[in-house]
Amino acid sequence: MLTLVYVIFGIVLAIGRCEEQFCSADSVESCEKDDVDDQRSSVYSKATNERYQKYFAAIEEAERNYKECNTRFKCFRDVIIRDLKPFKKEGISKGMIDDVKNRGTHYQVIEGKLYREKDCMFPARCAGIEHFLLKVIGNLSDMDLVINTRDYPHSSEYFGNAMPLFSFSKTPQYHDIMYPAWTFWEGGPAISLYPRGLGRWDQHRKSLNTASSATPWEKKENKGFFRGSRTSSERDNLILLSRDKPYLVDAQYTKNQGWKSDEDTLYAPPAAEVPLESHCTYKYLFNFRGVAASFRHKHLFLCRSLVLHVGDEWTEFYYDAMKPWIHYIPVSKDANKKELQELIEFVRDNDDLSRKIAHRGRDFIWNNLRMSDVRYFWKRLLKSYGKLLTYKPVLEKNLMKIEKR
């Protein structure tokens, strides 16, 4: 009888341990292994530390070299200086503007009024841009602007001199001048949950702050999370790891506009889309690029969850001010399943450190990416840009006046 009691107690204890570690029914074996490892923690602590030494060293170096920006312009000033540098010596001529008109939407600022060519490829995107232009126009000199509303930049360093073309995102191989994306106000990617696009950034700031407050760090699910369509194969290994080890990460593909069959979701039925606010119930959120930079990037940080940002090529205007290992965990775009698993295990095994990085990332976005900061960036960017024009713009007859909304 006593033996039977011991057996039952052992089973209950094992089940309890599995539930505590969020083990699935298919992962009891690994859960039991974790239990044994925990019992021998004093023996293996040195080995564990050595396993994660590269991460600890990266964090230590990042913290040693990090200097926090304490003003809105100081955070993003270097981006403006860098992007306008190719035009500093000789300026921007009328001929240069004419050469890039077919690569974007042509705007003019004349005597404090905004004008645009009649046709806009993406009306909602133009509306999102014009919201900010109209907010800062009183501070601007007369100028011509060609603003690219497509996803991809155009002024490649491999195809001649820099062009005075504004794009929202780029890689280091492009000269395009970065501006805050239209999605801060309007024109974001549309899915069934957000049929008119993600919606205004100021409103998401409020809703995500509420959601993150409702699920503080200690109540978040202790696993990674990702939902999104298969716009890039860079996402595949995380999806496959989730299928192998669901207690570590919940990552599934949803449908996109190009979905035709389960082949487009790695031979699994597409998962349901998940509201941004529901992401806040997980401790570790993966961010992948889309066609260019990811529009969800800034939203994830407001969950007060730890963001694992995959790839470092595609950036928006504010990315450079955020530092790996300080505000987020960097992940190679070529990371295999083993590497992804090790990173997830690292952040799980170092809870206080993960929470610290998560809260620093959230605080950076919350304090430095307000709507007023976006407007301020537009103003400083266009005031600096306007000084580079070598001619006085004259209103073109084919443009229409954009009224304040």
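1. Buried here means under 20% relative accessible area, exposed means over 50%, and partly exposed lies in between (1.4 Å probe, protein chains only). By that rule, 50% of the 405 residues of the chain count as buried. This is a predicted model, in which local features need pLDDT of at least 70 and side-chain atom pairs count only at pLDDT 80 or more, while totals for chains, interfaces and linings use all residues. Residues are numbered from 1 along each chain as its sequence is written, and side-chain values use heavy atoms, with hydrogens and water left out.

2. The chain has 14 helices and eleven strands. These elements are DSSP runs numbered from the N terminus (helices: H or I, at least four residues; strands: E, at least two). A contact is a pair with heavy atoms within 4.5 Å. Among contacts between residues at least 6 apart in sequence, 69% join residues at least 24 apart.

3. Two packed helices are described by the angle between their axes and the distance between the axes. The axes are lines fitted to C-alpha atoms, for helices over the stretch in contact, and the angles run from 0 to 180 degrees between N-to-C directions. Angles under 35 degrees count as roughly parallel, over 145 as roughly antiparallel, 65 to 115 as roughly perpendicular and the rest as oblique.

4. How do α12 and α13 cross? The axes of α12 (residues 337–349) and α13 (residues 351–368) come within 5 Å, and the crossing angle is roughly 95 degrees. That makes α12 roughly perpendicular to α13. On the α12 side the contact involves F346, V347, R348 and D349, and on the α13 side D351, L353 and S354. By class, this contact has three nonpolar, one polar and three charged residues. For these classes, Ala, Val, Leu, Ile, Met, Phe, Trp, Tyr, Cys and Pro are nonpolar, Asp, Glu, Lys and Arg are charged, and the others, Gly among them, are polar.

5. N350 sits in the loop between α12 and α13. N350 is buried, at a relative accessible area of 16%. Leaving out residues up to four places away in sequence, N350 touches Y52 and F56. From N350 to Y52 the C-alpha separation is 9.9 Å, across 298 residues of sequence.

6. The expected span of a helix is taken as 1.5 Å times one less than its number of residues. For α13, with 18 residues, the first C-alpha lies 26 Å from the last, close to the expected 26 Å. Buried residues in α13 include L353, S354, I357, A358 and G361. R362, F364, I365 and N368 of α13 are also buried.

7. Helix α12 also packs on α9 (residues 236–244), at an angle of about 70 degrees and with the axes 9 Å apart. The two helices are therefore roughly perpendicular to each other. The contact residues divide into five nonpolar, two polar and two charged.

8. Helix α14 (residues 371–386) has 16 residues and spans 22 Å from first to last C-alpha, close to the 22 Å expected. Its buried residues are M371, D373, V374, F377, W378, L381, L382, Y385 and G386. The axes of α14 and α7 (residues 123–136) come within 9 Å and cross at roughly 70 degrees, so α7 and α14 are roughly perpendicular to each other. In this contact I129, F132, L133, K135 and V136 of α7 meet M371, V374, R375, W378, K379 and L382 of α14. By class there are eight nonpolar, no polar and three charged residues.

9. Two loop residues other than glycine deserve a backbone check. E111 has a positive phi, near 50 degrees; E111 is in the loop between β1 and β2 (113–117) and is exposed, with a relative accessible area of 66%. R304 has a positive phi, near 60 degrees. R304 belongs to the loop between α11 (297–301) and β9 (306–310) and counts as partly exposed at 21% relative accessibility.

10. Is R103 buried, exposed or partly exposed? R103, in the loop between α6 (94–100) and β1 (105–110), is partly exposed at 32% relative accessibility. Not counting residues up to four places away in sequence, R103 touches N148, R150, H154, M163 and L165. The C-alpha atoms of R103 and V146 are 7.7 Å apart, with the two residues 43 apart along the chain.
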